Each structure stands twice: as C-alpha cells, then as structure tokens.
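Subject: Structure handover

Hello,

I am passing this structure on to you. Please open it first; some notes on what was found follow below.

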Amino acid sequence: MATLKDIAQRAHIATSTVSRILNYEPSLSVNDETKKRVFAIAEELNYQKPVRKNVPARSTRIGVILWCRRERELQDLYYSSIHMGIEEYAKYHQCYLTTYYQDDLWDGLGKLDGVIVIGSNQYTDEQIDVLNQLTIPVVFVDGNYLTKGFSSVITDFSAATEQIIEHFVATGRQKIGMLAGDLNLTETNDDLIDFRFQDFKRQLQSQGNYHPEWVFLGQFDPESGYQVIHQDFSKLSPDDRPNALLIANDAMAIGALKALSDLNIEVSRDVSVISFNDTSIAEYANPSLSSVHVETHEMGKKALQVLLEKIANPLTPIYLITLPTKLIYRDSSVN
C-alpha cells in the first residue's frame, strides 16, 4: 500500500507537505500545479487515506457531486480547484464530505445534511429531478440553477468574454475565432453547451461578426489543443485564418501555442491569443499567456457557505452569487 513518503519521493517535496495537500489544509501556501501533481501521483499509486470510522456527532454531513470521473478532475485544475475550496472550508467548519463521481450511484443523498453540485450543463433532466425531490438543501456551483429552485454560485464569464472581444477589436483584430471544448466531442461546432462558447457566439452575432468556420472544437487538454489547431490552421490559407483566438482553458491554449509555433504562425503578431482560468502555467508559457483569472477556490468556499446557511435556517430564500473575473494581459495578446 502506498504511503505519504512514496508520494513525496515521486513529487520531490516534503512528506509533511504531501500530507497537508491531501488534507486540504487552508493555510498551506502551495500553487495549484504542485497540488495537482500530488493528487495525480496519489491516484497513480492508488493511495488510500485512513478511513474515518467514526464521524463526530457534531459534524455536518455534506455530499459533493461532480459530473466527471475522478481521474478527469485530477487533470482539470478548474474543477479540482473548486473542489479544493469546498474541502478547505469544510475542514474549517468540521464538515464531513462524501464525494460522488460520474459513475457513482447517488445512494444515501437523503441521509446527508446538504449537497453541493459542481458543474453547469452536464446534468440530465432526470438527475435534476432527483435533486429536486430531496428534502435537504442543494447548492450548485459553476452553474446557474436558480430557476430550477437551487441557490447557485457562478462566475461572470459573459462580462469576461465581452472584455476579450473588446480587446481584440481595439488592437485591430476583427477576425475572431474560438477553440472551444467538449469532453465527448459529440456536439457540432455551432451547437456547443459550453457557456463560454454561448457567450462568444451571442456577442459576435450581435455585432454581425460571428463565423462558425472559425470555431474549432477539442477537449480540455494540451494534446487536443495542439492537434486541433495544427490540423485546422494548416488547412487554411493565411488570409482565411482568424487573427484572434479565444481558448476555453489554459491547458488547451498551451497546446495551441505549440501548434502555432510549429506552423510558423507568430503569436501576438499573426494571431492574438487569450484563454480562461489563469492557472500557473499561463504566466510561464512561451509566450506568456493572457488569461481570465477565475476565483475557483472562492467559488467552492462560497457554495459551502451558502449551503451551511440554508442548513442552519431552512427558511433562507434561494439566491444567486456571481463572482467577478479579471483579464490578465500578457505577451500572447499584447502587440
């Protein structure tokens, strides 16, 4: 059985740091990349935390539902960071968490004190009905389900998308495209459920500047970003390519930057690039990557805060919290 020491040796950090990361210690000052590496190694080694056989009676029992598999969460800093925010706030308030991943049955939800659901459009109508039938509070984070009867915590991606488009236009970039993400690659390029794409399409359509042929579709990882951009841009002549590219997350953007370099397309001069999430890799990319900073940790903490408030006072009305973003300008979009 793998130990903390085994993980520490693989990650090249102290055993005590590994322990603090895996226990979601809120005071720990470690970047998201290191946390992700530790969780990935723990998953690879099949590390198992010691089981808490007796949950203290005073602990509030919270369920956390994710639409993806555990290994997918470990590959996506956006969702893992939201989850970490929940875990950190839960530990502070002595809550006991049970996490449900994609293939898990939702058994025992009714025995919990409340549920947080992470995700936006990934849940079926049948799953939403199951949640509506629960007699315990349910809060969504990263999706607006207020009209479905659930308090929700979201980020204002619409304003961020508008700011990106305004920046492109102000710097002389009128041919605006998007590298969008779809986990299953089952949607067409013009009919994606990703809210970032929906905002992008709506805003450009209102300006009469939406071109579906400049929407490129991949998955949310560097390999897909590279393959899609290398394949699709190589088919287009320089005059037919977009000169500005919005990318759904930093991981895809890293792959896209390499693909553009391999095609001798100079980022910033030939095409301006901006992505979402502002993870630590954005600053150290080559060129450094302009990106929308999202308060993912705060999203998780706010979701649990709203849930605990509802548990303490069931008569609390449902409401929506919208957190702002900040566009960080770097070399990939600044001439």
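A place to begin is valine 292, which stands opposite leucine 327 in β12. This is a predicted model. Strand β10 (residues 290-293) and β12 run antiparallel and are joined by three bridges.

Both strands belong to an open sheet of six, in the order β7-β6-β8-β9-β10-β12, with mixed pairing. Its edge strands, β7 (215-218) and β12 (326-328), each pair on one side only. From one strand to the next, the twist averages 20°.

Two helices go with the sheet. Helix α8 (residues 195-206) lies across β6 (176-181), β7, β8 (244-247) and β9 (272-277), and runs at about 160° to β6. Helix α10 (residues 250-262) packs on the sheet and touches β6, β7, β8, β9 and β10, its direction making about 160° with that of β9.

Next, the aromatic residues. Searching the whole structure gives nine aromatic pairs. In one of them, the ring centres of tryptophan 67 and tyrosine 79 are 5.4 Å apart and the planes are at 80°, so this pair is edge-to-face. Tryptophan 67 is in the loop between β1 (60-66) and α4 (70-75), and tyrosine 79 is in helix α5 (residues 77-92), so the pair ties together parts 12 residues apart in sequence. Both residues are buried.

Tyrosine 78 and phenylalanine 157 form a tilted pair, 6.4 Å centre to centre with 50° between the planes. Tyrosine 78 sits in helix α5 and phenylalanine 157 in helix α7 (residues 157-170), 79 residues apart. Tyrosine 78 counts as buried at 5% relative accessibility, and phenylalanine 157 is buried with a relative accessible area of 3%.

Trp67, Tyr78, Tyr79, Phe157 and Phe276 form one aromatic cluster.

Regards

How values were computed
Residues are numbered from 1 along each chain as its sequence is written. This is a predicted model: local features need pLDDT of at least 70, side-chain atom pairs count only at pLDDT 80 or more; totals for chains, interfaces and linings use all residues. Side-chain values use heavy atoms; hydrogens and water are left out. Rings of Phe, Tyr and Trp (its six-membered ring) pair if their centres lie within 6.5 Å; planes under 30 degrees apart count as stacked, over 60 as edge-to-face and the rest as tilted. Helices (H or I, at least four residues) and strands (E, at least two) are DSSP runs, numbered from the N terminus. Buried means under 20% relative accessible area, exposed over 50%, partly exposed in between (1.4 Å probe, protein chains only). Two strands pair if DSSP finds at least two bridges between them. Axes are lines fitted to C-alpha atoms, for helices over the stretch in contact, and angles run from 0 to 180 degrees between N-to-C directions. Contact means heavy atoms within 4.5 Å.
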